[in-house]
Amino acid sequence: MPLFHLFIALSGYFTLRFTMPVPDIDSPLNFQEGVLTYATTIQPVVPKADWKDLYSVEITRRFVQYNLPETTTVILGKEAVRIDEVDTDMGWKGKSSRIISRRGGAEIRCKQLQFVCVCAEQGAGPEVFSEEEPPVPRIELTSEYEEILGYRCRRARYELYGERSDVWFTEEVVVPRVAGTLHREGIPGTIFRVKEYPGAGQAFARETVLVALTPETPQEQDFRPPPNCSVLPNWKEAQKTNQEALEVAFSSRESAPAGWEGVWKLQSATDQVFLEISLLGTEVRLKTCFLPSGREIEEIGRKSGDWILVEKGDRYRILQMDGTDYVVEPTFAPFSWERSTQEDLEQARSARD
């Protein structure tokens, strides 16, 4: 958008003119063993097109913050590299790890899902769970530099899948090429900072910065799949395994307190979201009304004890009765629905009209 282009242009102007020059380092730091720690912050949110009639910026920010990693840790060893994040797959937030051999070949990715921990081992490459080759990113190197942790970092513009970001990297710290990419293949150096802008596929801006370079010798077990994880051939098998475990957990839920049916409300400073729950035998009808937009969505779920399970493709969400006055969604976001009334819903609708 024009405002972002203006901001980027001005940022480059002031960076070039008011940042103190960083002296060149003749011999780069050869950082082959140790830990790189990155921290991520979320910038103001621009709602996606398919969310703008549902939630305000405030609630959208809560969704985004919950579903993105707050830290990324890269562990460097002599034979392998491990990259740890906490992210969301199939509606469940959990730890993800990539174990990459420094000699090339297979890469192992592990994910802690809600019911199982799974690992998949496939050929080396950035998309081990995808059958399609990723597109080539568009990279434009600039003449702008910035000092981060005492190192001279060059700015590059990076675009992939229609999403834009600025990347600051340095050649003064040398790490194994399989590490430090932050999912940005092709950057010719060690990445110290990434700033992502709202675009075709994301509704937010976020910034990831390297906060620590810690020399240490990792342990051999750091580069093995966790002992509680099943090693599977691909991601489809991981989905199937988690689905089977989900069905076992769903069918064994204990009885919930009476009172599922009725109206529940999620309240924020600018939103009122109402959820009407109706029991239809073994099925459950869920009708959600988003205010102030007035948009409504109907879904059908299944009930077992204190759970309602709503499935959509390979994703699902669980509503869990927490006592008699709250319904929580542990698989979707840290939201709690509070008991409300039909009169409250109608009054909110009338106020909007």
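Let's start with the largest nonpolar core. It has 25 residues. A nonpolar core here is a set of buried Ala, Val, Leu, Ile, Met, Phe, Trp, Tyr and Cys residues joined through side-chain atoms within 4.5 Å. Buried means under 20% relative accessible area, exposed means over 50%, and partly exposed is in between, with a 1.4 Å probe and protein chains only. The residues with the most contacts inside this core are Leu36, Val74, Leu76, Ile187 and Phe192.

Which elements give two or more residues to this core? They are strand 2 (34–43), strand 3 (71–76), strand 4 (80–89), strand 9 (151–160), strand 10 (163–170) and strand 12 (190–196). Strand 9 gives the largest share, five residues.

A word on the basis. This is a predicted model, where local features need pLDDT of at least 70, side-chain atom pairs count only at pLDDT 80 or more, and totals for chains, interfaces and linings use all residues. Residues are numbered from 1 along each chain as its sequence is written, and side-chain values use heavy atoms, with hydrogens and water left out.

Now the whole chain. There are four helices and 22 strands. These are DSSP runs, numbered from the N terminus: helices are H or I with at least four residues, strands are E with at least two. Of the 353 residues, 44% are buried. Take the contacts with a separation of 6 or more: 53% of them join residues 24 or more positions apart. Contact means heavy atoms within 4.5 Å.

Next, the aromatics. The structure holds two aromatic pairs. Rings of Phe, Tyr and Trp (its six-membered ring) pair if their centres lie within 6.5 Å; planes under 30 degrees apart are stacked, over 60 edge-to-face, and the rest tilted.

Phe115 and Trp307 make a tilted pair, 6.2 Å centre to centre, with 55 degrees between the planes. Phe115 sits in the loop between strand 6 (107–112) and strand 7 (117–122), and Trp307 in strand 19 (residues 307–312), so the pair ties together parts 192 residues apart in sequence. Phe115 is partly exposed, at 24% relative accessibility. Trp307 is buried, at 4%.

Tyr151 and Phe192 form an edge-to-face pair, at 5.7 Å and 70 degrees. Tyr151 is in strand 9 and Phe192 in strand 12, 41 residues apart. Both are buried.

Two arginines sit over rings. Arg152 lies over the face of Tyr145, 3.7 Å from the ring centre. Arg193 lies over the face of Trp168, at 4.0 Å. The criterion: NZ of Lys or CZ of Arg within 6 Å of the ring centre and within 35 degrees of the ring normal.

Last, the helices. What is buried in helix 3? Trp235, Ala238, Gln239, Asn242, Ala245, Leu246, Ala249 and Phe250. They cover an arc of only 140 degrees around the axis, so they are on the same side of helix 3. The arc is that of the directions from the helix axis to the C-beta atoms. On the other side, Lys236, Val248 and Ser251 are exposed.

In helix 4 (residues 342–352), Leu345, Ala348 and Arg349 are buried. Their arc is only 100 degrees, which puts them on the same side of helix 4. The face turned away carries exposed Glu343, Gln347, Ser350 and Ala351. The cover over the buried residues of helix 4 includes strand 16 (272–280), strand 17 (283–291) and strand 18 (295–304).
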